[in-house]
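The sequence and the model come first.

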Amino acid sequence: MHRMDRRYRVNTALLDRLRTELDGRRPRRDLVVSGAQGPTVSVDGEKLVNLASNDYLGLAQSPEVLAAAQETMRGQGLGVAAGRVLCGTRNVHSALEAAIADLVGAEDAVLYGSCFDANLGVFAALFGPDDVIFSDALNHASLIDGIRLAQAQRRVYAHSDLNELERYLTESTEARHRLIVTDGVFSMDGDFAALPQLVELARRYDAVLLVDDSHATGVLGGGTAEHFGLRDEVDLVTGTLGKALGGAAGGFVAGPRAVTETLRQVSRPYIFTNAMAPPLAAAALTAIHLAAHRPELRERLAANTSWLRAALRDLGYEVLPGEHPIVPVMLRGGTLAVEMAAALRREGVLVFALSHPVVPIGEERIRVQVSASHTREHLEQAAAAFGRVRGLLAAA
Ligand SMILES: *Cc1c(COP(=O)(O)O)cnc(C)c1O
């Protein structure tokens, strides 16, 4: 609980402005979950089917992943209290970088504290004012911020609009380098980047292609490129260890050795920060191993996803088509999505509504996220809850 009676010696003009701005917003409080994250979670003593996490392969509670972290903590302690370039590098960091490179089909990989950090670090280290960066309008916030830090020229093309991208490419022949940047899987719609076409454009215009595969690494094997059979065609991949690969923390940039060596020399969020805690690196390493050697995890994830997609459609919901475990249930207009999410919570299902400004007005939705850890019973419970709250649709 926050103490309300405290007097801060802070500039009152600042506090006045912040209070006014907060008053104008819809209040959002972070949900507090107790216990472990898994196919179900506890919120305020209620057990809810968890359709809101990025733990796509269910590895966050894997006994092997937890044992790897515990064993490493016993041997090496928790943190290293130093950056990678000082005394913060352990064998497990190097082993994890090699495993990531292997997974995504790159020569090498560089670890960061998170994918947000990786995206903040990669552009500024490699590109400058003589370069042009082309960015999809729905790219993740960390890509947007990272690109800003590079001080390169920027061109934002409408989401997956290859004609607009090509027009921009033809208009930038003076550039030293041209870089196309895209999410591999977009988190709002669960749709894939048009990778075959992007690869083709990158080839034709001699552009570099960077894919942020945070929602795809592990979920689609090595990622979006592998999904499309284009494993050797993407120059740079960034991704997270905080989603399918154990869900703890960590991010990476993978690519040719000249790139990764450059990042180790000059990338500020690599150099000027603490190294990843070795137990977390060991956990991620084990998660990558399991993702690669247990095909049944991906099979169960695919089966769960298609079962729930079909069940929601059969109930009359508008489900955006696709095959990714991000399942957008469209509840367009007003506050319907928010009301539905609240009603589902009362019915024992944890989902979140996405409303303006996260999505455009008229594109409001509930984002359902499926995991390999869900049993058929969990999914049936969720579908039944969606059935019980359907009345809200008619009322809207
Ligand atoms: C989740 C996500 C990130 C951030 O990853 P963290 O490791 O949690 O910082 C970056 N990019 C995309 C596309 C994401 O979905």
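Asp44 lies in the loop between strand S2 (40–43) and strand S3 (46–50); helices (DSSP runs of H or I, at least four residues) and strands (DSSP runs of E, at least two) are numbered from the N terminus. This is a predicted model, in which local features need pLDDT of at least 70 and side-chain atom pairs count only at pLDDT 80 or more, while totals for chains, interfaces and linings use all residues. Residues are numbered from 1 along each chain as its sequence is written, and side-chain values use heavy atoms, with hydrogens and water left out.

**The hairpin and its neighbour**

S2 and S3 run antiparallel and are joined by 4 bridges; two strands count as paired if DSSP finds at least two bridges between them. Val41 stands opposite Leu48 in S3. The hairpin has 2 residues between its strands, and Asp44 takes a positive phi near 50° there, although Asp44 is not a glycine. S3 also pairs with strand S13 (residues 349–350), in the parallel sense and over 2 bridges. The bridge partner of Val49 in S13 is Val349.

**Two open sheets**

Strands of a sheet pair through backbone hydrogen bonds, either parallel or antiparallel. S11 pairs with strand S12 (residues 326–330) over 2 bridges in the antiparallel sense, and Val319 stands opposite Val329 in S12. Contact here means heavy atoms within 4.5 Å. Axes are lines fitted to C-alpha atoms, for helices over the stretch in contact, and angles run from 0 to 180 degrees between N-to-C directions. In the loop between S14 and S15 lies Pro357; the peptide bond from His356 to Pro357 is cis, with omega near 10°.

Another open sheet has 7 strands in the order S4-S10-S9-S8-S7-S5-S6, with mixed pairing. Its edges are strand S4 (108–112) and strand S6 (153–157), each with a single partner strand, so one side of each is left without a neighbour in the sheet. Neighbouring strands of this sheet are turned by 20° against each other on average, direction ignored. Strand S8 (residues 208–212) and strand S9 (residues 236–240) pair in the parallel sense over 3 bridges, and the bridge partner of Asp212 in S9 is Thr238. Helix H7 (residues 195–204) packs on the sheet and touches S6, S7 and S8, with its direction at about 155° to that of S8. Helix H5 (residues 141–150) lies across strand S5 (132–136), S6, strand S7 (178–183) and S8, running at about 160° to S7.

**Salt bridges**

The structure holds 20 salt bridges, each a side-chain nitrogen of Lys or Arg within 4 Å of a carboxyl oxygen of Asp or Glu. Two of them are listed below.

| Residues | N to O distance |
|---|---|
| Arg365 and Asp189 | 2.4 Å |
| Arg148 and Asp145 | 3.3 Å |

Arg148 and Asp145 both lie in H5, 3 residues apart, which is about one turn of the helix.

The contact takes 20 residues from domain 1 and 21 residues from domain 2.

Domain 1 and domain 2 bury about 1,600 Å² between them, 55% of it on carbon and sulfur atoms. Buried area is the accessible area (1.4 Å probe) that two parts lose on being put together, summed over both. Arg294, Arg298 and His324 supply 38% of the area that domain 1 buries against domain 2, more than any other three residues.

Between the domains there are 2 salt bridges. There are also 9 residue pairs in polar contact, with both residues at pLDDT 80 or more. A polar contact is a pair of N or O atoms within 3.5 Å; within protein, one must be able to donate a hydrogen and the other to accept it, and residues adjacent in sequence count only if both atoms are side-chain atoms.

Which elements give two or more residues to the side of domain 1 that touches domain 2? They are H12, S12 and S15. The largest share of that side, 4 residues, comes from H12.
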